[in-house]
Every structure is written in structure tokens, then in C-alpha cells.
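Please examine the sequence and the structure shown below. The report that follows describes selected features in turn.

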Amino acid sequence: MAFAPGAAGVGDPYFPLDGNGGYDVLSYDLAVRYNPANDVLVGAATIRANATQDLSRFNLDLDGMSVRSITVGGVPAQWSRDGGELIITPAAGIPQDVGFATVVRYDGVPDTLGSPLLGISGFMHTDDGAVVAGEPDVAATWFPVNDHPSDKASYTFRITVPVGLEAVANGIPRGRTSSGGWTTWTWQAVEPMAPYLSTATIGDFDLRAYVAGGIRYVDAIDVDLIGTRTGNVASEAFARQPEIVDFLSGVFGGYPFSAAGGIVDDYGAFSFALENQTRPIYSRGFFSDARFAESVVAHELAHQWYGDSVAVQAWQHIWLNEGFATYAQWLWSEEEGFETAAETFAAHYSTGPNSPFWKVIIGDPGPDDLFDSAVYNRGAMTLHALRETIGDPDFFALLPAWAQQQETGNGTTAEFVALAEQISGQQLDAFFDDWLFTPAKPPAP
Ligand code: TRP
Ligand code: ZN
């Protein structure tokens, strides 16, 4: 048996060092204490994984933070750091197919991220806590992780915060305990989750827990917004979630998770929403107007099927997330008696042929254009054009079949094309080539 190091990345063409080779994570147990007074997070992460090769050593992804100790299988391990790679050498090699638990103790002030397109994201320090949301990067700024959507795992969060604050993560609430001025909030994300979809959002929140359609909802609205127009619009938009989930379930098939809900913080420095699994996070800016708010809620809820349950296998497949979630907004608009999907398609299709809108390669946009608005709108247009091409019966059989075939897993564009061809019985290579892989305005469907 030749024990060898696991690779430093999973081989994503856009982000070669994201994730790692040589093992598959089953679960994360993240015990973190966060003190908003000094922004310091103290963590103990227990990571259970199976070796997929004979491992002499392996990497986790971790950005910043100070590592204090590491054990593998209860035995102290050696480690070193190289940029975002935490390189762990256990006392003895780990044979292929053997399960092992790694415990990393660490602390520090998590870095906040920024991008020219979306502004600040990641672990954002607020006046009373933190908002934790980012894509594709965020997880490695606050816990050691196999940071790529292709390695999903279940999560338990034990988040300790000063008494009086709330800590909200993904999945089902499992209660809280207080002692010595601190409260520990436990949350469990039972269904497998991609790392970037995890959150530990902390602050003074009004929590609303309810069950609808068999799904456990928890909404969190910053208390500073309660009684304001933003807070009222957010409350009303969140109250419509069960109705939106029902509508989307009718089109996409059953809701894929046991929990749902939304989070809005009054922190005004970020301006996006993210489809955190079972608990999307919204900038307060989305709750200026009810119709706009509901459209964004429909987008993030649609991501629960497309993006979260069916996650990308690699980042170039991003239109499978954003195109689908945007198309859901078009369908919801039509359902509400506003603009129809056909009208929305036509409005975008009238964009002149020389516009940069047609230059982005939707099926492989490159890391800098991952979240270009063309990925969203031309992704949705691709679905509408497909609907026109294969007809409503096949199209509305394809959407739930795709959600179900890949449920709680990962998907690629090639797999989606294959399923579309199988269900429609049509050869669709030329169609998808025009819509996804050609930097020019496609012919009208
Ligand atoms: N996926 C998010 C949405 O459309 C948007 C998004 C892209 C994002 N990159 C981000 C959000 C980075 C936060 C940080 O719903
Ligand atoms: Zn989206």
C-alpha cells in the first residue's frame, strides 16, 4: 500500500484550490463562540470523513484564523499552512474507505470578503453580531472545510453568543442552553449541504417558528427593523413563503428539505440575497416594496431545488442555479397576474444583437462573470426557449425530473441536456449550443 497526500483541490477549473482530494466529508459538527464586542470567533470543528485513497496526509481549506490544535482519530496530528490550505499529517496513514474524525481547534477574527460586482460578503461583522453569507467563498473564512459544492455533508451547529442575542443557522432548531452569560444555540442541517450555503448569523432577532405544509419554518427579522416599513414588508413577504413554496412545488416537485425560512438583518452594507440552504439571507434593501420582495423570495426559494438540493458539480454550471431561480421569478410574476414569462422573455430578447448581454458564454462564463446578470436572464431565457422548443408537457415534466434525478446531489449542464433529450425525444445539441455556448444572440425559438 502506497500512502500518498490528498490533492490540494478537487479540480474545479475556475477555482483549482477549492476543496481537496482524498476524502469525502460526511458531517461537520461546528461548535463556535462569537463575541460581537471584539469580533473574535473561537471554534472547535469535528469533521467526519471517509478516505477515498490511502492517505499519508490531507488538506482542509481555511482562510485566516489561528489553528491551536488538531487531532485525527483522537491522536494529535502535525499541521502546516500554505495560503488557504491547512495541511494535516496524521500520526499514522489513513487507509482507503476508512472513516476518520478530525478535530480542529482555532480562533481569530474571521475575514470579510469583497468583490467588485457584489460588494462585501462572507463573514460580515455587524453592530450586534454577524451576517454570514457568500458565494462561492465564505465557509473557509470561519471553519476548516472541504470547500467545494461537490462535497456535501450534514451539519450540526452549536453557536455560543452573549445572552440576549440570537444565533441562526441552517435546518431544524434543536434548542438553546444558557450559562455564565452565554447562550448556545443548536441547529441541525440534516439533508446534505454544500459548504457555502451554511450560515451562523448572529444578532438581536425576532424569531418566528411555524409549521406549514409539513415544513418547519423559522424566520428571523432584526429587531431594529420591527415596526419600520422594511420590517413590515419583510414580515409580509416571509408570511407568503408557504404559498410560494406550494406554487413552486407544483412546478418543480416536492420541496426538498425539512426546514425553511428567511433572515433579514438591518446591516445595510451588503446588498444581495443568498440561497443559504433552508434559510436564505436577504439584504434589507429588498424589502422596500412587496412585489419586488416577493419576487426575490421566490428566487431564493426556487434555489432550494436548483442550487441547493441540486448543487453545481463545478462552478461553470452556475446557470443551472441562476437561470432556474430567475425563471421561477418569471413564473411567479405570471401566477400573480403580472408580466407573463413569455412577455419577460420577449423583453430580454429585444436586446440589440451587439449588446454585451449576448457576449457572455452562459454555459461556461468564467470565474469573473459567474454572477453577471446575463447568466441570470439568459439562463432563464434558455429555459423559456427550451419550453417553446419541446412544448409545455415535456418541459413541465423535465423540471421536476431534473430536481428528482439529482436530489440532494450535484448536476452538470451535460446531464441536464441528456435528460431534456431523453424526455423530449429530440436531439438538442444545436439548441443548447446556440443558447449556452455561443457568444451571440441566438435565433428566435
Ligand atoms: N446566488 C445569489 C443569488 O442570486 C447571488 C450571489 C452571487 C451572491 N454571489 C454572491 C450573494 C456572493 C452573496 C455573495 O441569489
Ligand atoms: Zn440566485
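## A tyrosine in a loop

Tyrosine 267 is placed in the loop between β21 (263-264) and β22 (273-274). Strands, here and below, are DSSP runs of E with at least two residues, numbered from the N terminus. Leaving aside residues up to four places away in sequence, tyrosine 267 touches Ile120, Met124, His125 and Thr126; contact means heavy atoms within 4.5 Å. Glycine 129 is 138 residues from tyrosine 267 along the chain, and the C-alpha atoms of the two are separated by 9.8 Å.

## Basis of the model

This is a predicted model, in which local features need pLDDT of at least 70 and side-chain atom pairs count only at pLDDT 80 or more, while totals for chains, interfaces and linings use all residues. Residues are numbered from 1 along each chain as its sequence is written, chains are lettered from A and ligands numbered from 1 in the order in which they are written, and side-chain values use heavy atoms, with hydrogens and water left out.

## Domains and their interface

The domain assignment gives domain 1 (1-201), domain 2 (204-301) and domain 3 (311-436); such bounds come from an automatic or database domain assignment. Between the C-alpha centres of domain 1 and domain 3 the distance is 32 Å. Their contact takes 14 residues from domain 1 and 19 residues from domain 3.

The area buried between domain 1 and domain 3 is about 1400 Å², and carbon and sulfur atoms give 64% of it. Buried area is the accessible area (1.4 Å probe) that two parts lose on being put together, summed over both. On the side of domain 1, Tyr14, Glu135 and Lys152 lose the most area to domain 3, together 41% of what that side buries.

What polar links cross this interface? Six residue pairs are in polar contact between domain 1 and domain 3, both residues being at pLDDT 80 or more. A polar contact is a pair of N or O atoms within 3.5 Å; within protein, one must be able to donate a hydrogen and the other to accept it, and residues adjacent in sequence count only if both atoms are side-chain atoms.

An open sheet of eight strands shows mixed pairing in the order β6-β5-β9-β3-β2-β13-β16-β15; two strands pair if DSSP finds at least two bridges between them. Its edge strands, β6 (75-76) and β15 (172-179), each pair on one side only. Twelve bridges link strand β2 (residues 23-35) with strand β3 (residues 40-51) in the antiparallel sense, and alanine 44 in β3 is the bridge partner of alanine 31.

The structure holds seven salt bridges. One of them joins aspartate 29 to arginine 158, with the closest N and O atoms 2.7 Å apart. Because aspartate 29 lies in strand β2 and arginine 158 in strand β13 (residues 153-162), the pair ties together parts that are 129 residues apart in sequence.

## The sheet of four strands

An open sheet of four strands has the order β1-β4-β8-β7, also with mixed pairing. The edge strands β1 (4-5) and β7 (78-82) each pair on one side only. β1 pairs with strand β4 (residues 55-61) in the parallel sense over two bridges.

Strand β8 (residues 85-89) runs antiparallel to β7, joined by five bridges. β7 and β8 form a hairpin with two residues between them, and glycine 83 in the turn has a positive phi of about 60 degrees.

Terms used. Salt bridge = Lys/Arg side-chain N within 4 Å of Asp/Glu carboxyl O.
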